[in-house]
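Student: Please take a close look at one part of this protein and at what surrounds that part. I would like a single connected account that also places the part within the whole chain.

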Amino acid sequence: MRKYGYVLLCLSSLFFFQCGGNTPKDEASRIVTEWSGKIIKFPSDASCFSLANDSLEALKLMDNTPFKVLLYTDSVGCAKCELGLDIWNILIKEADSTFHGKLSFLFYFQPKYVRDLQLAMQEENFTYPVFIDRYNSIEHLNGFPKDDRFRCFLLDKDNKVVLIGNPVLNPAIWELYKKVIRENSLP
């Protein structure tokens with residue numbers, strides 16, 4: 001995966017600047033550089049919730065995929081409109097049909113009100129399992145960037161950050177994620 005590391009680092013930085021956000025170019029570049037290759041630690045105390053009854057089965061499958069998308073959202077950024085669950089539904093369906101078990105999604109939410117999150121999931125028919133991190137343990141373990149655009153990661157099988165960026169906020173990031181997965185899934 002090293003062969004594309006530097007190129008993707010530059011490309012992912014470029015995509016952030018096209019996003020039109022408020023993070024200065026130097027700061028975005030620093031965050032991408034800092035997080036590339038970092039290993040994400042996961043808490044053991046986050047509870048799993050799903051509208052579907054098969055959340056435990058889904059969790060077993062997630063552990064066996066070569067790539068994972070991790071989205072972390074704290075209570076500040078947990079408003080329904082900011083989550084983009086409707087778009088995540090589309091991306092998950094596309095990933096399932098395109099990558100056939102090579103990509104899973106990990107959603108870690110630290111909502112102010114769990115019931116509001118559950119209602120948002122019901123409203124968007126979002127049945128993918130999510131982790132409710134009441135104590136914000138994943139944040140304490142990893143110290144994520146404050147900017148929501150940098151709280152979504154493409155991880156490899158060892159939970160190492162391959163790319164950083166939220167495909168819901170910037171569709172070019174999703175294209176970059178897919179490119180990396182395709183290039184690294186060839187026999």
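Tutor: Apart from neighbours within four places in sequence, Asn89 is in contact with Glu124, Asn125 and Phe126, contact meaning heavy atoms within 4.5 Å. This is a predicted model, in which local features need pLDDT of at least 70 and side-chain atom pairs count only at pLDDT 80 or more, while totals for chains, interfaces and linings use all residues. Residues are numbered from 1 along each chain as its sequence is written, and side-chain values use heavy atoms, with hydrogens and water left out.

Asn89 belongs to helix H5; helices (H or I, at least four residues) and strands (E, at least two) are DSSP runs numbered from the N terminus. With a relative accessibility of 15%, Asn89 counts as buried, because buried means under 20% relative accessible area, exposed over 50%, and partly exposed in between (1.4 Å probe, protein chains only).

Helix H5 (residues 85-99) also packs with helix H8 (residues 171-183), at an angle of about 20° and with the axes 12 Å apart. The two helices are therefore roughly parallel, the term for angles under 35 degrees, whereas those over 145 are roughly antiparallel, 65 to 115 roughly perpendicular and the rest oblique. Here axes are lines fitted to C-alpha atoms over the stretch in contact, and angles run from 0 to 180 degrees between N-to-C directions. The crossing of H5 and H8 is right-handed, that is, the near helix is turned clockwise from the far one by less than a right angle. From H5, Leu91, Glu94, Ala95 and Phe99 take part in the contact, and from H8, Trp174, Lys178, Ile181 and Arg182. These residues divide into five nonpolar, three charged and no polar.

Gln110 is buried because its relative accessibility is 14%. Setting aside neighbours within four places in sequence, Gln110 is in contact with Thr73, Asp74, Ser75, Asp133, Arg134 and Asn136.

As for the whole, the protein has eight helices and six strands, in the order α-α-β-α-β-α-α-β-α-β-α-β-β-α from the N terminus. Of its 187 residues, 50% count as buried. Among contacts between residues at least 6 apart in sequence, 74% join residues at least 24 apart. The whole structure contains zero disulfides, a disulfide being a pair of cysteine sulfur atoms within 2.5 Å. Cys152 is buried, at 0% relative accessible area, whereas Cys48 counts as partly exposed at 28% relative accessibility.

Technical notes. Ala, Val, Leu, Ile, Met, Phe, Trp, Tyr, Cys and Pro count as nonpolar, Asp, Glu, Lys and Arg as charged, and the others, Gly among them, as polar.
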